[in-house]
Amino acid sequence: MNFRTAIIETGRIAYQRGLLTANDGNISVRLPDGNILITPSGLCKGRMQPEDLLVITPEGEVVEAAPGRKPTSEQPMHLEVYRLRPDVNAVLHAHPPYAVALTVAGFDLRNDFLPETRMTLGSIPTTDFALPSSPQNAAVIRELIPHHDALMLRQHGSLTVGRTLEEALINLERLEHTARVQYLAQTLGRIVPLPEGWWR
Ligand SMILES: [Zn+2]
C-alpha cells in the first residue's frame with residue numbers, strides 16, 4: 001500500500017469508527033525523502049481522494065498540492081512531532097468521544113486498570129488547554145511528546161504517533177478503548193486498579 005492510500009484508508013477507518021467526525025482530525029506521514037504527506041484543511045477524512053493530500057517540507061512549505069487545497073491548520077503540531085521524534089513516521093490527530101469526554105469532565109486517562117494499555121502506551125497524559133488549529137498546540141505537546149506515543153489535548157482531541165500509520169491508528173484505538181472502559185467502570189461505581197507492581 002502506498003503512503004497516499006494508507007492515509008485515505010486510515011481516515012476512512014477512523015471516521016467510520018466514530019473517532020473523527022464532520023471534517024475534524026488530520027493525518028500525516030513522513031516520506032522517505034524527509035518531506036511530509038499531510039491531509040488538507042476542510043475535508044471529511046472519511047471521504048478523501050489520494051489527490052487531496054499535500055506534500056510539505058519539514059519547515060511547512062507546500063511542495064505539491066491540488067488547486068485550492070491547503071494543509072491542515074494543525075500542521076505546526078505535526079511538524080513539531082517530526083522535529084522532536086526522529087523515530088516517528090506517522091501522526092494522527094483525532095476527536096475520540098469517550099477520551100475527549102473524560103478531559104471535558106476533568107478526568108485524566110488512567111493507565112492502572114488495563115494491562116494492555118499499561119504495557120503498550122504506558123501513561124496517556126493530558127496537555128494544558130490550547131486553542132484548536134493554533135500554534136499553541138505545538139507548544140503544549142512539546143514537553144510530553146518526546147516521552148509518549150499517545151496523549152490528550154485537553155477538551156479537544158487525541159494525538160497518537162507511530163513508526164508507521166498502522167501503529168498510530170492502533171494507538172488511537174487503544175486510547176479510546178481505555179477511555180471507554182474507564183468511563184463505563186466509573187459509571188458502574190468504581191475502578192479496581194491492577195495488582196500492585198505486576199508490570200515490574
Ligand atoms: Zn482537532
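Close-up 1. Asparagine 171 is placed in helix H6, which covers residues 165-188; helices (H or I, at least four residues) and strands (E, at least two) are DSSP runs, numbered from the N terminus. This is a predicted model, in which local features need pLDDT of at least 70 and side-chain atom pairs count only at pLDDT 80 or more, whereas totals for chains, interfaces and linings use all residues. Residues are numbered from 1 along each chain as its sequence is written, and side-chain values use heavy atoms, with hydrogens and water left out. Asparagine 171 counts as buried because its relative accessibility is 10%, where buried means under 20% relative accessible area, exposed over 50% and partly exposed in between (1.4 Å probe, protein chains only). The side chain of asparagine 171 reaches the backbone oxygen of valine 161 at 2.9 Å. Apart from neighbours within four places in sequence, asparagine 171 is in contact (heavy atoms within 4.5 Å) with Leu121, Asp149, Thr160 and Val161.

**Close-up 2. Valine 161 in strand S7.** Valine 161 belongs to strand S7 and, at 0% relative accessibility, counts as buried. Leaving aside neighbours within four places in sequence, the residues in contact with valine 161 include Val81, Arg85, Val88, Ile145 and Ala168, together with Asn171. Alanine 150 lies eleven residues from valine 161 along the chain, and their C-alpha atoms are separated by 6.6 Å.

Close-up 3. The protein donors of the zinc ion are His93, His95 and His156, each through NE2, and they lie 2.1 Å from the ion; donors are N, O and S atoms within 2.8 Å of the metal (3.2 Å for Na, K and Ca), and as water is not among the atoms, sites may look incomplete. Along the chain, the donors follow the spacing H-x1-H-x60-H. Distant parts of the chain are linked here, since histidine 93 is in strand S5 (residues 90-94) and histidine 156 is in the loop between strand S6 (150-153) and strand S7 (157-162), 63 residues apart. Histidine 93 counts as buried at 1% relative accessibility, and histidine 156 counts as buried at 8%.

**Close-up 4. The crossing of helices H3 and H6.** The axes of helix H3 (residues 97-104) and H6 come within 7 Å and cross at roughly 55°; axes are lines fitted to C-alpha atoms, for helices over the stretch in contact, and angles run from 0 to 180 degrees between N-to-C directions. H3 and H6 are therefore oblique to each other, given that angles under 35 degrees count as roughly parallel, over 145 as roughly antiparallel, 65 to 115 as roughly perpendicular and the rest as oblique. The contact involves Pro97, Tyr98, Ala99 and Leu102 of H3, and residues of H6 including Leu175, Ala179 and Tyr183.

Close-up 5. Alanine 22, in the loop between helix H1 (3-16) and strand S1 (26-30), has a phi near 50°, a positive value in a residue other than glycine, and is partly exposed with a relative accessible area of 47%. Glutamine 155, in the loop between S6 and S7, has a positive phi near 55° and is partly exposed at 44%. Proline 67 sits in the loop between strand S4 (62-64) and helix H2 (75-84), where, at 82% relative accessibility, proline 67 counts as exposed.

Key:
Polar contact = N/O pair within 3.5 Å; in protein donor to acceptor, adjacent residues only side chain to side chain.
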